[in-house]
Amino acid sequence: MISKHRDGSRSTAGNTVNPGIRFDRLMGRRQFLGGTVGALGLAGLAACTGQATPAAAQLIKPTDVLVETAEARRTGEGATVHPVVLTAQPASIDLGGPVVETWAYGEAVPGPLVRLPAGDRLVATVTNALPDPTSVHWHGIALRNDMDGVPGLTQKAIAAGRSMKYEFTAPDPGTYMFHSHVGTQLDRGLYAPLIVDDPAEPLVYDAEHVVVLDDWLDGTGRTPDSVLKELQAGGMDMGGMDMDGMSAGGDSPLSPLLGGDAGDVQYPYYLINGRVATAPNTVTFTPGTRLRLRIINVGSDTAFRVALGGHRLSVVHSDGFPVRPVDTDAVLIGMGERIDVLVTLADGAFPLIALAEGKNASGLEVIRTGSGAAPTADTYPRELAGQVTGALMLEAADDAFLAERRPDRTHDLVLGGSMSDYQWTINDRVYSDRKDLQVRPGEVVRLKMTNSTMMFHPMHLHGHTFQVRSATGRGPRKDTVMVLPGETITADLVADNPGQWLVHCHNVYHGEAGMMTALAYIK
């Protein structure tokens with residue numbers, strides 16, 4: 001990964017860490033709701049190609065004129081067009097020792113950084129050189145509905161050997177990403193960072209660095225598709241698969257910060273910018289540099305606790321939107337979330353650690369400003385056991401806050417399911433049997449997400465951001481929020497982007513096993 005400095009210079013890449021880590025409870029465990037939602041006995045589990053069931057005549061389709069009107073409002077006169085060419089293809093990727101056969105955008109993981117100013121237009125020509133259909137979802141962007149990349153809901157999948165042009169305005173500055181939205185393809189290498197710059201950037205810093213976190217298993221003897229089949233068949237040893245350095249054991253990974261169960265899959269590798277902990281990237285700066293870290297979790301089953309050894313972090317953005325700054329030792333980031341922090345670098349070589357929460361492993365990157373031995377894969381900086389800040393502990397900045405209004409419509413989303421039959425639901429329904437969350441343009445819509453399972457679920461809404469309502473009424477603005485076991489999250493959105501929008505758990509295995517529905521605009 002290349003780090004861009006404001007003077008136009010660039011930092012080179014070089015190394016990563018993997019300690020066997022256990023630590024004491026840092027936050028109160030959340031109380032579980034009694035039991036889990038019962039299985040529906042449905043024969044077929046959902047995939048991203050499920051079919052909508054509401055009365056079609058009422059739906060505002062992705063090709064409706066209202067979709068075009070909303071896009072026109074986002075696009076100002078004189079907007080610059082930024083062309084991008086992407087090829088989804090089989091690739092042999094060196095992770096820093098382990099070489100894996102996977103699918104990627106080009107020949108690198110993460111894929112190429114895409115960057116443009118807010119208000120400009122992205123035109124991305126995507127060619128599918130894979131043996132299977134694919135798509136691209138522009139995660140977190142409030143874009144036009146027919147460019148959202150969800151086969152069966154907003155587009156037809158891009159067939160093998162075919163191409164599609166995605167064209168849309170990027171209205172809001174921030175840290176985003178793009179990835180495939182077909183089956184379990186996200187858990188391969190089909191992802192990359194997307195940065196939308198603020199032409200009037202209010203933050204003051206000297207340089208920035210994009211940090212992409214991932215859990216990796218593709219090409220290590222299994223594929224994401226085979227893992228999903230094992231989960232559905234009940235044959236996965238959740239405590240670890242005894243392969244490629246994985247620990248064996250019979251217990252599920254646990255984390256007090258996540259309210260209990262930390263995930264379904266113990267991965268052989270945890271990556272920072274495409275490298276394993278034993279061969280990390282190294283990025284170089286000068287002492288005293290005020291650095292912006294844009295941290296993106298593209299993982300499929302893993303939340304990460306991130307710290308920079310010897311430094312405090314100032315959290316300034318969550319999911320692209322500014323928050324009231326909070327100083328902390330470490331941040332907790334769920335799948336699909338993005339967190340931006342500022343840090344003033346000391347003199348030396350420091351470990352940037354991404355602890356795979358509850359899974360006794362981590363990723364590493366080295367940030368070097370001077371001499372000194374590089375951190376190694378067993379490094380465990382004390383900051384990881386210090387103050388840990390999650391997104392729900394943040395408050396939206398004044399210019400990002402959506403003032404509370406009486407909602408025109410409230411939708412309850414009960415997150416259910418169980419490991420026994422590996423079926424995950426929203427309101428007792430899998431995606432193929434879903435009952436859409438209907439809204440009308442202009443409404444203020446309240447989503448009440450209640451987790452009745454014993455696992456955390458990072459819930460992601462396409463095409464919108466929502467205002468999380470905390471006890472004080474002022475949470476962060478987000479598009480992805482972790483809902484812990486027994487927890488109810490209340491979030492408000494303005495229905496200002498017509499179309500059909502996916503709402504789903506960003507654990508790719510939970511989503512593919514049914515935990516998806518649609519926010520459906522109607523006339």
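1. A cavity here is a set of grid points where a 1.4 Å probe fits but cannot get out, and its volume is the space filled by probe spheres set on those points. In this predicted model, the largest cavity holds about 110 Å³ of space. The count of cavities of 30 Å³ or more comes to two.

2. The lining of the largest cavity is made up of 15 residues; His181, Gly183, Leu186, His504 and Val508 lie nearest the centre. Strand S34 (500-505) and helix H3 (508-512) each supply at least two lining residues. The largest share, three residues, comes from H3.

3. The largest nonpolar core has 97 residues, and Trp138, Tyr166 and Tyr509 have the most contacts inside it. Strand S22 (residues 349-356) provides the largest share of this core, four residues. Apart from this core lies another, of 19 residues, including Ala91, Ala104, Tyr191 and Val210.

4. Beyond its neighbours within four places in sequence, Tyr509 is in contact with several residues, among them Asp187, Leu217, Leu231, Tyr267 and Tyr422.

5. Which residues of helix H1 (residues 65-74) are buried? They are Val67, Ala70, Glu71 and Arg74. Seen down the axis of H1, these buried residues fall within an arc of 100 degrees, so they line one face of the helix. Val65, Ala72 and Arg73, on the other side of H1, are exposed.

6. Strands S6 (121-128) and S8 (163-169) are what the buried residues of H1 pack against.

How values were computed. Residues are numbered from 1 along each chain as its sequence is written. This is a predicted model: local features need pLDDT of at least 70, side-chain atom pairs count only at pLDDT 80 or more; totals for chains, interfaces and linings use all residues. Side-chain values use heavy atoms; hydrogens and water are left out. A nonpolar core is a set of buried Ala, Val, Leu, Ile, Met, Phe, Trp, Tyr and Cys residues joined through side-chain atoms within 4.5 Å. Buried means under 20% relative accessible area, exposed over 50%, partly exposed in between (1.4 Å probe, protein chains only). Contact means heavy atoms within 4.5 Å. The arc is that of the directions from the helix axis to the C-beta atoms. On a 1 Å grid over the protein atoms alone, a cavity is a set of points where a 1.4 Å probe fits but cannot get out, and a pocket is an open set with protein on both sides within 12 Å along at least five of seven lines; lining residues have an atom within 4 Å of a point.
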